[in-house]
Each structure stands twice: as C-alpha cells, then as structure tokens.
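Here is a friendly briefing to read alongside your viewer.

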Amino acid sequence: MKSTESIYQRIVEASTYPVYLCTGEDLVITVANRATLNAWGKDESVIGMRFIHALPELSDQYFIHLLENVFQTGEMYIAKNDRADMLIDDERKTFYYNFSYQAMRNDIGIITGVLCFATGVTELELAKQASIKSQKNLLDSESSFRTMAETSDVLISMSDATGNAVYFNKAWSELTGKPEEELLKFGWVDLIHPDDKVNWVNNFLAAYTDKHTVKGEFRIQSKSDSYRWLLAKIPARFDGDGNFAGYIGSYIDITDRKQREFSMERANEEIQLINEEMNASNEELAASNDELLSVQEFMRIQAIEKQIALDRLKSQDENIKNMVKQAPVGMCIIQGDPLYVVEVNDTFLELIGKTREELSDKPYWEVNAEAASFYEPITDHVLATGESFHTVEQELTLIRNGKEEIVNVDFVYEPMFDEHQKPYAIIIVSIDITDKVAARKKLQRAEESLRLALEAAGMGSFSLNPETKEFKVSPSMKTFFGLDPEERISYEAAIKQIPDNYRTDVLSQLDRSFTNNITFDMEYPILGYSDGQIRWVRAVGKMQDSDGKRAFTGVLNDITERRKDEERKNDFIGMVSHELKTPLTSMRGYVQMLLLKMRKLEDEFAISSLEKTNTQIGKMTTMINGFLNVSRLESGKIHIDHKVFDLAQLVKESEDESISTISSHKIVFAPVEETIVNADIDKIGQVINNLISNAVKYSAAGSTINVACITVDNRALVSIRDEGMGIKPQDAAKIFERYYRVEGTQMFSISGFGIGLYLCAEIIHRHEGEIWVDSDFGNGSTFSFSIPVFS
C-alpha cells in the first residue's frame with residue numbers, strides 16, 4: 001500500500017501539468033504539485049490552507065463555486081480554454097486552462113475531496129485569438145494580408161477555386177525548410193506524416209466538394225526531419241458576388257500541447273493501473289481481515305463462556321451490590337441471623353432517616369425498631385419460604401433523623417438464592433410516594449370542591465375519551481337529560497337527545513375540537529330522556545392531556561330561561577320591525593312623489609331636504625332589515641341554500657355593483673382565478689357587500705379599498721382592506737358580537753347598531769368557515785373570511 005501511494009505521489013509531483021487535491025467541505029488544499037504552485041505563483045505554504053484563503057484573487061471568479069458544486073453533487077466538471085485571472089508577483093495576469101474537477105471518494109463511496117487535472121493553453125488560446133483577428137484582417141485587403149502573414153508566427157496558406165495552393169507564408173518555409181515554390185507544387189502534402197496523410201487529404205477533398213470549412217489536426221515533417229503537430233482551420237473564401245474563391249488556412253503548432261496530452265493519458269493509465277492494484281490489495285486484505293475476525297470471534301466466545309462459567313457465582317453478589325448502589329430507588333440487602341445490612345444506597349438511607357454507621361453497627365430490626373413489629377415477621381417468612389412480598393402505598397410511622405414522621409411507601413421484599421436455590425438474603429426495594437399520595441388526595445379534594453361548586457351553580461361536568469367514547473358525567477348533568485342522578489347515560493345516547501337540526505352541527509364542532517385542539521363553545525337544545533322536556537344548554541369544553549392520556553372535558557350550563565327571554569325579545573323585535581316597515585314604505589313612496597313634483601318646480605331647498613329624508617328612510621329601512629335578520633337567525637328561520645358556483649363570478653358582480661354605486665372611494669379588485677364553492681350565493685354576496693360597505697363607511701373619502709380572493713389550503717379566502725381609522729385590540733376581540741359598537745368620538749357621526757358584522761359571522765360559521773379582522777389602530781383594517789373549496 002505504502003509503495004503504491006509513493007508511486008502515485010511521485011507521478012503527481014513529476015507531472016508537468018498542474019494537479020491538486022482539495023479535501024473536506026472547507027476545500028483545504030491537501031496536495032499541489034510543483035506545476036500547480038508555479039501556475040498559482042505560490043510556494044508550498046498554501047498547502048493546508050483553504051482554497052479561498054490561498055487564492056483570494058479567485059473569490060470573484062467561478063472556480064470556488066465549481067469546486068463546492070462537485071463536492072456536494074459528485075458530478076465531474078470539464079472545462080476547455082477557460083480564463084483565470086491570477087495574481088503573479090503582485091500583478092494580475094490572465095491565463096487559459098483546460099481542466100477537470102472530479103470528486104474523490106473513500107472506500108464506502110463518501111465524497112472526501114475534489115481532484116483537479118489542468119493543462120495550460122494560454123499560448124494556444126492567445127494564438128487562436130490572434131488567428132481569428134488575423135483572418136478578419138486578411139479578408140479586408142490582400143496586400144495587408146500578405147504583409148501580416150509574412151510577419152506572423154502562425155502558418156498561413158491560400159488556395160484558389162480549383163483547390164490548388166497559391167500562397168504559403170514565411171512561417172511555412174521556416175518550419176519545413178522548403179521554399180514557397182516547392183510547397184506550391186503540392187510538395188507540402190508529401191511532408192504530412194504517412195499515418196495522417198490519407199485521412200487529411202480525404203477530409204480536405206470532402207470539404208472542397210461542399211465548399212465547407214476544413215478543420216483538423218495532423219503531423220508534418222519539419223526541416224529537422226522531426227514531425228510537428230499542426231491544428232488547422234481552413235475556412236472557405238467567397239468573392240463579392242458570393243462565388244467560391246478558394247480557401248485561406250491558418251495552422252498553429254500544437255506539438256507541445258499534444259505531448260502534454262499524451263503524457264496526461266499515460267499518467268492516467270498508470271494511475272488506473274495503480275488503482276486496480278490497490279483495489280486487488282484491498283480485497284485480499286479484506287478477505288484476510290474477515291478470516292482473522294472469524295478466528296478472533298470464535299476465540300472471544302470461548303473465552304467469554306469459560307469466564308462466565310468460572311465467575312458466575314462470584315460475580316452474582318457483586319453485580320447485585322452495584323445495582324443497589326446505582327439504583328434510582330431505595331435499595332438495601334440484609335443477610336444473616338440476626339439480619340444485618342450488607343449493602344445499602346443513599347436513597348434508602350434518606351427514606352428511613354438513618355445513617356450508614358448506624359446500620360453497619362447494629363442488627364437491622366434493632367435500628368428500625370419502630371417498624372419491626374409488623375415487618376420482621378415478613379422478612380422471616382420470605383427467608384423461610386423463598387416467596388416475595390409486595391405492598392403498595394403502605395403508611396408507616398418512622399423515626400427519621402430523630403423525628404417521628406408518617407410516610408407512604410411502596411415496598412418489595414425479594415429473596416436471594418444461593419447455588420442450592422436456598423434463600424440466604426433479602427433485597428428490599430422501596431419507593432417514597434408520600435408526595436404522590438398527598439398530591440392525589442389534594443387533587444381529589446379539589447375535584448370534589450369543583451364538583452360541589454358546579455352543582456351549586458346548576459352546572460354539569462363531563463369527560464369524554466375521543467377514541468373509546470368512554471363518557472363520564474356528573475349527577476347534576478344527568479338532570480339536563482331528564483335522568484335521575486343514579487342512572488347511566490352513554491355518549492351515543494346523549495348525542496341522540498340533541499334534535500336532528502342541531503346534531504350534525506354539534507358533531508362537526510366536536511370533531512374540529514378533537515382534531516385541532518380548539519375550544520368547543522356551543523348552544524343547542526336537549527330533549528329530556530324521561531320527561532320529554534326541551535332544555536337549552538351551553539356546552540364549553542377542550543381537549544386535555546393528563547399523564548399521557550387525552551380526554552375531552554367540559555361543563556354544561558342550563559340556559560333555557562335565557563333562551564326564552566331572547567326568543568321573547570326577538571319576537572318583539574320582529575313584530576316591531578314588521579310594524580315599522582309598513583309606514584316606512586308608505587313614507588318613502590310619498591317622499592319620492594314629492595321629489596318628482598319638486599324637481600318639476602325646481603325647488604332646490606325642497607329637493608335637497610327630501611333627498612336627505614329619503615336617505616334617512618333608507619338607513620332606517622336597513623336597520624329594520626338588520627333587526628329582522630337577527631330575529632330570523634336566532635329563531636332558526638334563516639335557511640342556507642347550498643349551491644355549487646364560482647366565487648370569482650360573485651366577486652366580479654360585487655365589483656360591478658361597487659363601480660356603479662360607490663364614487664367616494666377607489667375600490668381595487670385583485671384578479672380572481674376560478675374558485676368553486678358549495679355555498680349560499682346570496683348570503684355570501686351579502687357578506688362581501690356588507691364588508692365593502694363597512695370599509696367605505698369607516699374610511700376617509702378618496703382612500704383606497706382593496707378586495708382580494710385567493711385559495712389557501714383548500715379554502716377560499718376573501719379579504720377587504722381599507723385605510724380607515726382601524727380598530728383597537730380590545731374592540732377587535734368583540735367586533736363580531738351581536739349589537740357590539742366600538743366607542744369613540746369619531747363614531748358619533750356613523751350610524752349602526754352592531755348587527756351587520758354579527759350577521760356576517762353567523763352566515764360564515766353556518767358555512768363551516770371562519771371570519772376575523774387584522775387591524776392597526778389609526779392605519780386601517782383587513783376583514784377576512786374563509787370557506788371550504790368544493791371538491
């Protein structure tokens with residue numbers, strides 16, 4: 001292995017081409033041969049440095065990004081004639097390279113670094129650039145071309161439309177030692193290497209037939225009889241009329257580059273052979289290691305079995321003693337006649353309130369005399385029979401640290417057996433659960449106090465396991481269902497007592513609370529199981545976690561009387577609203593007739609007064625309709641007519657209506673994609689129009705109102721943003737409550753009874769949706785609601 005690595009290192013160091021290796025995510029330069037250091041203009045001090053620190057002039061170039069990408073993806077990167085600006089002797093110089101970046105992997109395939117092989121092609125690239133520039137100039141003028149060609153180091157030739165050579169520049173004669181006259185007589189073809197001649201001539205003739213550019217590499221004999229490699233590029237020439245005029249060719253001596261490429265190929269072949277030898281050696285070594293491991297494993301197993309057989313009896317006691325010392329619970333070993341402590345841990349000493357010295361000097365039951373009358377016979381029985389003894393939450397009176405204390409303890413007396421299976425000692429395991437018992441009793445007292453408080457308040461409590469549907473209710477809650485306190489009721493039976501028109505909504509809200517861990521707060525009626533009486537209740541509950549168990553707990557409150565009061569109030573509001581609508585309708589008719597008459601008489605004062613009266617009648621009608629809607633909603637007479645429709649079309653209708661009716665504000669509707677929902681199109685339209693109307697009402701004239709509708713997580717979300725007065729956080733929390741009005745001096749001039757947003761919220765909730773407000777007081781508000789998308 002070391003010999004192979006040494007050969008590899010010598011090959012890399014002797015290479016005339018830059019070779020370097022960067023390892024780790026930080027791309028630390030681990031290997032860099034002399035050709036690399038010369039190309040960088042650095043010395044060996046850069047080895048061990050991060051690439052970016054060693055070559056800071058490359059930080060604004062793309063090489064570091066390429067190295068990182070190869071290290072992360074393992075994909076090889078190959079570049080041709082790429083430019084690199086290097087800092088050589090404090091001077092920034094430009095070089096060109098052919099190079100490759102390839103990932104280095106360890107034996108298990110993990111990428112450990114990036115290896116770079118490079119070839120400098122600066123002279124070739126500059127020659128190419130010069131050639132391109134020279135060819136362009138040649139086409140401009142025959143005279144300037146020949147002058148340039150004669151002074152150029154690049155080999156240049158020209159041929160006419162028949163393919164015969166008509167010009168070779170001085171560089172040809174200097175390379176071949178032949179005068180131009182001899183070269184023009186097709187003598188230059190005779191100088192081509194025999195292995196290249198046929199292929200090159202065929203390529204030239206094929207290109208000549210199609211009048212295409214000729215490209216290729218071939219060897220030509222120099223005046224020293226050695227062969228030089230030429231890179232030829234011979235584009236076709238055309239005259240001003242587009243007729244083929246022959247060829248003009250440029251030939252670059254690439255012998256040095258070809259020799260470097262051949263050297264690189266030989267080096268790669270040698271590296272491949274070395275890798276194959278290393279792989280073979282690794283396989284042989286792995287096979288030997290496997291055999292050695294098998295032998296070692298066999299010997300280890302034999303040694304373990306022998307040691308186990310020899311030390312089993314000797315180690316048993318020691319292991320138990322170590323267990324006692326390290327146990328997180330109180331443990332003690334007693335042995336002998338009388339019983340003495342042979343091992344005890346600090347937890348046990350703390351439990352019984354004794355010192356280690358006390359237990360080591362006297363028999364166990366003499367030290368713990370206060371417990372001997374009850375427990376000494378038990379230890380005698382355990383030693384006599386070999387039977388364990390267990391006790392749970394045993395209440396003991398112990399003298400701990402000289403003070404009598406009552407403690408609760410879980411005890412286990414476990415016998416220890418000798419090689420003849422005869423009990424000879426006892427392990428005592430004890431856990432002080434005094435705090436646990438006290439906490440449980442405290443919790444029981446608190447639960448009893450809560451139960452009494454709930455019963456005194458006329459409230460019932462319940463607990464439900466969402467998975468097993470185990471249902472526990474308080475005696476007072478059973479009376480809500482028309483049951484006696486002693487009777488049992490299941491979850492399924494309780495759900496059946498809810499009327500059909502409320503049951504689905506209750507189950508849906510319960511499921512949301514189970515799944516999303518949100519508070520369940522709902523009012524609904526219950527039909528008495530025995531007495532058939534309808535009782536209205538308010539149920540409030542939430543998922544709770546206790547000792548790793550999840551349960552849905554809550555309370556029920558009988559709100560029957562409150563609901564009856566609200567029904568009487570709603571009936572009164574509905575009756576009054578109906579009675580008020582008739583005179584208002586007549587009043588509006590008379591006002592409109594007077595307006596028509598006054599407009600004919602052109603009485604401006606009367607027209608203005610009547611228009612204001614008509615506006616106030618409209619406001620009055622809107623408020624009365626609001627009261628009627630509240631009355632219908634709370635009496636259950638508002639019906640949600642579900643239909644499948646495109647919410648985008650409904651938003652477009654609201655946009656058209658706003659444009660025709662609202663001129664005081666700039667209302668901007670964002671484009672809406674198709675959004676299919678299953679909802680009551682009239683009710684959802686009422687919500688959108690109410691929110692736009694509120695935005696107009698509570699923001700200054702001339703301000704902008706933005707309306708948008710998007711789809712988020714399979715829910716259609718509609719938002720209306722204004723630049724109005726905004727809402728304080730304490731008001732935002734109550735803004736959707738019935739009859740709630742924000743207080744403030746700026747509100748005196750704005751009419752309303754707090755009905756609109758309440759109606760909006762109820763409509764959205766009956767669509768299994770959500771409605772909310774985000775507001776920055778003084779800077780405007782955004783009212784939003786979401787409903788499920790139809791699927």
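The structure holds 0 disulfides, a disulfide being a pair of cysteine sulfur atoms within 2.5 Å. Cysteine 116 is in no disulfide, and its nearest cysteine sulfur, that of cysteine 22, is 8.1 Å away. Do keep in mind that this is a predicted model, where local features need pLDDT of at least 70 and side-chain atom pairs count only at pLDDT 80 or more, while totals for chains, interfaces and linings use all residues. Residues are numbered from 1 along each chain as its sequence is written, and side-chain values use heavy atoms, with hydrogens and water left out.

**Cysteines**
- Cysteine 116 is buried, with a relative accessible area of 2%; buried means under 20%, exposed over 50% and partly exposed in between, with a 1.4 Å probe and protein chains only.
- Cysteine 709 is buried too, with a relative accessible area of 4%.

**The sheet with β1 to β5**
- An open sheet of 5 strands runs in the order β2-β1-β5-β4-β3, with antiparallel pairing (strands pair if DSSP finds at least two bridges between them; strands are DSSP runs of E, at least two residues, and helices runs of H or I, at least four, numbered from the N terminus).
- Because β2 (28–32) and β3 (77–88) each have a single partner strand at the edges, one side of each is left without a neighbour in the sheet.
- Neighbouring strands here are turned by 35° against each other on average, direction ignored (axes are lines fitted to C-alpha atoms, for helices over the stretch in contact, and angles run from 0 to 180 degrees between N-to-C directions).
- Strand β1 (residues 19–23) is joined to β2 by 4 bridges, and leucine 21 stands opposite valine 31 in β2.

**The sheet with β12 to β16**
- This open sheet of 5 strands has the order β13-β12-β16-β15-β14, and its pairing is antiparallel.
- Strands β12 (residues 330–335) and β16 (residues 423–432) are joined by 6 bridges, with glutamine 335 opposite alanine 425 in β16.
- Helix α14 (residues 369–385) packs on the sheet, touching β12, β14, β15 (403–417) and β16 (contact means heavy atoms within 4.5 Å).
- The direction of α14 makes about 145° with that of β14.

**Cavities**
- There are 4 cavities of 30 Å³ or more, a cavity being a set of points on a 1 Å grid over the protein atoms alone where a 1.4 Å probe fits but cannot get out, and lining residues having an atom within 4 Å of a point.
- The largest cavity holds about 200 Å³ of space, where volume is the space filled by probe spheres set on the points, joined across faces, edges and corners.
- Its lining has 16 residues, of which Tyr20, Trp40, Phe63, Ala84 and Tyr97 lie nearest the centre.

Technical notes: On a 1 Å grid over the protein atoms alone, a cavity is a set of points where a 1.4 Å probe fits but cannot get out, and a pocket is an open set with protein on both sides within 12 Å along at least five of seven lines; lining residues have an atom within 4 Å of a point.
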